[in-house]
Amino acid sequence: MSTENEGTAVPPAPSAPPVPVDAPTPSAPAAPEGSDHTAPLTPVPPSAPGAQEHTQEQQQAPAGPAPDASWPPPVVPSYSDGGAGGAGSGWGSSYQQQPAPKSGRGGLVAAILVAALVAGGLGGGLGYTLAKNNDDNTASTTVSASTSGGAVKRDAGTVAGVAARALPSTVTIEAESTSGEGGTGTGFVFDTQGHIVTNNHVVADAVDGGKLTATFPNGKKYDAEVVGHAQGYDVAVIKLKNAPSDLKPLPLGDSDKVAVGDSTIAIGAPFGLSNTVTTGIISAKNRPVASSDGSGSSSASYMSALQTDASINPGNSGGPLLDASGNVIGINSAIQSTGSGGLGGSSQSGSIGLGFAIPINQAKYVAQQLIKTGKPVYAKIGASVSLEDSSSGAKITEQGAGGSAAVESGGPADKAGLKPGDVITKLDDHVIDSGPTLIGEIWTHKPGDQVTITYERDGKSHTVQLTLGARQGDS
């Protein structure tokens, strides 16, 4: 697949022959204007079929397929296959060739440049002659680099410095099911007890009796077991067996304080290439993303993600997204991709600069719950919302999954006075444009948090406060 845009073709710049300094320079005719050059931008294929209703009580395993691909920007987990893209509209910008210089000044500049090149060549030839003569006299003119004989020192704040500190605390995870199927992902050290945080979809194959291993950059490999996994959050925690005593957990940052434009550093094993470091920036925050595990099941994960242009590919899943100081601000989880043609002819999707990470503030809470109880805890409003594509908000359905009530009796939404047909348009100060967006925003909160809901009923806007409820487990 193509992993980057072709960009705009640029015509070659007009050339000007060297002109002697004392010779007049004839006026050169203007070069013809260049035509517009565009490169096609292939649209991304849908990641899931049509939308269906979804009950907050069953957010982890929706009754139907994942939301329509037109919402949100359809993405797939870093390790899953992507579909083929079709033709789309072009994009680009015009480029006009600049006319050749029309005065003697242009000739003078050209002459000076040529003279400089000649002088450079002359100097090079002279240097070679002198060196040869000196060699003949058994004297050497070879100059060693100033760093010769000593280690190169890099500041702690450089990418190299951050990578040097973070790499020893990352692992390449291999998960294998009882049938022999599996894949590769990434994780990072969460505490000194041997807990490793990663994505749910990285370890899903090994959950039911499969094999799980974690390999450090120094080559040391450990067997591991799944402590807990949250399919809805796409977060999992594994624990190393016979964990070493010198584990150094990566420092956790504050994803709420991340700003668009902040530098990012991603570590992972793209296409199995362990210990790979890539860089970029935070491209956007609170990006609503729904992703599936590529198994074809109807279950999906929802997140209000950090978007980054750091190169993330299959195998980066579960790896840390770091800030410029080396603090973990997110867990790399999904990518938008144009589809086939990955490394070595693989049909796996690749990076086009649209990567999505689970904010670490949310992932930390989930990981702590998994270590404590082995099961995830989800915040809920107790209402069923439509997953149909919409830009107007999240509509509470007339009926819940399996014929249940759309608004849970005695639940948070019921206590707040919400009814079927109401369209939720904001949660606190976050605009809600669809059901999945609402789910992702709710799951950034903890049960017991109080939120402000703005909704429309009969063409009028209303605002209420409600306290989020709790649901334990994925089923």
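In this predicted model, the lining of the second largest pocket draws at least two residues from each of three elements: the strands β12 (276-291) and β13 (301-308) and the helix α4 (360-373). The volume of this second largest pocket is about 380 Å³. Its lining comprises 19 residues, of which S255, D256, P359, N361 and T444 lie closest to the pocket centre. Sorted by class, the lining of the second largest pocket contains 8 polar and 6 charged residues, with 5 nonpolar residues making up the remainder.

Cavities of 30 Å³ or more number 2 in the structure. For the second largest cavity, the computed volume is about 30 Å³. The residues lining the second largest cavity are T170, V171, T172, T186, I267, G268, A269 and N275. Two strands, β5 (170-176) and β11 (263-268), are the elements that contribute two or more residues to this lining. The largest contribution to the lining of the second largest cavity comes from β5, which supplies 3 residues.

The class composition of the lining of the second largest cavity is 5 polar and 3 nonpolar residues, and charged residues are absent.

Methods:
Residues numbered from 1 in each chain as written. Predicted model: local features only at pLDDT ≥ 70, side-chain atom pairs only at ≥ 80, totals over all residues. Heavy atoms only, no water. 1 Å grid on protein atoms, 1.4 Å probe; cavity = no way out; pocket = protein on both sides within 12 Å on 5 of 7 lines; lining within 4 Å. Points joined across faces, edges and corners; volume = space filled by probe spheres on them. Helix = DSSP H or I, 4+ residues; strand = E, 2+ residues; numbered from the N terminus. Nonpolar A, V, L, I, M, F, W, Y, C, P; charged D, E, K, R; others polar.
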